[in-house]
Amino acid sequence: MSTPSPALPDLTPAQRTEVELLARGKAEKSRTLRDLSQPETPEAAHALLLRLGLWDEARTPYADRLGAALSSVALPVPDFADEPRLDLTHLPAFAIDDEGNRDPDDAVSLEALGGGLSRLWVHVADVAALVPPGSPLDEEARARGATLYLPDRTVGMLPDEVVERAGLGLHETSPALSISLDLGADGNADAVDVHLTRVRVTRLSYLEAQERLEAGEEPFVSLARLARASRELREGEGALTIDLPEVRVKADERGVVVSPLPKPEMRFVVQECMTLAGWAAAIYGDDHELALPFATQDAPTREVRGDTLPAHWARRGTLARTRFQPAPGPHHGMGLDLYAQATSPLRRYLDLVVHQQLRALLTGGEPLSGKAVAERVAQASMNADATRQAERLSRRHHTLRFVAAQPEREWEAVVVARRGPQATLLIPELALDVPLSTPAPPGTTLRVRLEGVNLPLLSVRARVAG
């Protein structure tokens, strides 16, 4: 005879509030959980709220727990000032991103110079024109650190109105801060420069740009050729290639869709252009003795060869975290002697600081000191870390919802690492890693079922199918 399950308690409004505060990480204790002989942890509080039906499975508490802002920024946005700009509206410029992207902040152009040289232009939304250092908008962006991208919503680092005014390709012409590199056919840079510009931008998805590349259209063919040459040069300097599965997770109260992220060549072409722009911005800033939040990374702890999933998994583990500092240093993962993230000022605060510094130099303003940049790095990095962790945990939560809705489904998994009897499996279709006790060596492909989804603990059990 089975033992009946204990009756679920009825919570008073005050008890519910108390338990919810613990689940959201806003309280450290709960008398209600203690009286129920439950651990006084956010996970136990979350589990109780699910069992009682007070929260549904779509509810995620991670941004709350980590202190990431969940409200939109409601501050006034100034107009663009009337100031001199280099007119580049004659150059075709393309903002290439994922389908449905809502904050286009970079675009590329290619200009033939003759003599085997091409000028790569990377145009970036001139956000610093609207968000100067020390302004209320700047302080709010610094407090957030980055835009928060959750499967069920996006919470901007800046007001939507900044995106509407500064986003590239949202109007017939757009003000931009444009970074140029004069490149030889071998990918070597002959010169770099930075200008305040006005550009005319066409928006394309990666797949639309890929179609133009495959049709042999310019400038896509030349951009791809330069990107390959640049990548080869960086790999010669030790740049690491890490190619692991990525997915897009979209969720609401009705359910979840997890779809693999397409990786056409144009995605890598755009990434290489953005990397070159960051390198050029760092060179330009260093040449002008400008304090920037330079991105640096230590050398890998060991060398991992191969192009398999286990090799890419292991290679990622050899890299230290990127550090930001007001003086240049090498970024070993990228194979660059100096680097500054400069192409996402709508989404990342330290990119905005780069723009504020470059803009001060270009307009005769007073750039921030190295000490002031270091203070911004410290605050923004801490807040952006919380944002990124909230994104990662929320994606796992909704991915597990997606799994739980398909209990009979079998998934293809690859053993990417092992320690003793325990292996780590990576399910490429979900970009989800799970543990499993198996003697299978790294590289083995298994068919598995996923069971026992526990949303509060973000855990799931895998077993070999069949």
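The questions and answers below concern a predicted model.

Q: Which element gives the most to the lining of the second largest pocket?
A: The second largest pocket has a volume of about 220 Å³, and its lining includes Ser 230, Leu 233, Arg 234, Leu 276 and Trp 279. Two elements give two or more residues to this lining, helix 8 (220-236) and helix 9 (265-287). The one that gives the most, with three residues, is helix 8.

Q: How do the residues of the lining of the second largest pocket divide into nonpolar, polar and charged?
A: Among the lining residues are Leu 336, Asn 188 and Asp 337. Over the lining, the division is five nonpolar, four polar and three charged.

Q: Why do the buried residues of helix 7 line one face of the helix?
A: The buried residues of helix 7 (residues 206-214) are Tyr 206, Ala 209, Gln 210 and Leu 213. They line one face because, seen down the axis of helix 7, they fall within an arc of 105 degrees.

Q: Which elements do the buried residues of helix 7 pack against?
A: Tyr 206 and Leu 213 are among the buried residues of helix 7. The buried residues pack against two strands and two helices: strand 2 (93-97), strand 9 (201-205), helix 8 and helix 9.

Q: Which residue stands opposite Leu 425 in strand 16?
A: Strand 15 (residues 422-427) pairs with strand 16 in the antiparallel sense over six bridges. The two form a hairpin with four residues between them. On strand 16, the covered face holds Leu 432, Val 434 and Leu 436. Opposite Leu 425 stands Val 434.

Notes
Residues are numbered from 1 along each chain as its sequence is written. This is a predicted model: local features need pLDDT of at least 70, side-chain atom pairs count only at pLDDT 80 or more; totals for chains, interfaces and linings use all residues. Side-chain values use heavy atoms; hydrogens and water are left out. On a 1 Å grid over the protein atoms alone, a cavity is a set of points where a 1.4 Å probe fits but cannot get out, and a pocket is an open set with protein on both sides within 12 Å along at least five of seven lines; lining residues have an atom within 4 Å of a point. Grid points are joined across faces, edges and corners, and a volume is the space filled by probe spheres set on the points. Ala, Val, Leu, Ile, Met, Phe, Trp, Tyr, Cys and Pro count as nonpolar, Asp, Glu, Lys and Arg as charged, and the others, Gly among them, as polar. Buried means under 20% relative accessible area, exposed over 50%, partly exposed in between (1.4 Å probe, protein chains only). Two strands pair if DSSP finds at least two bridges between them. The arc is that of the directions from the helix axis to the C-beta atoms. Contact means heavy atoms within 4.5 Å.
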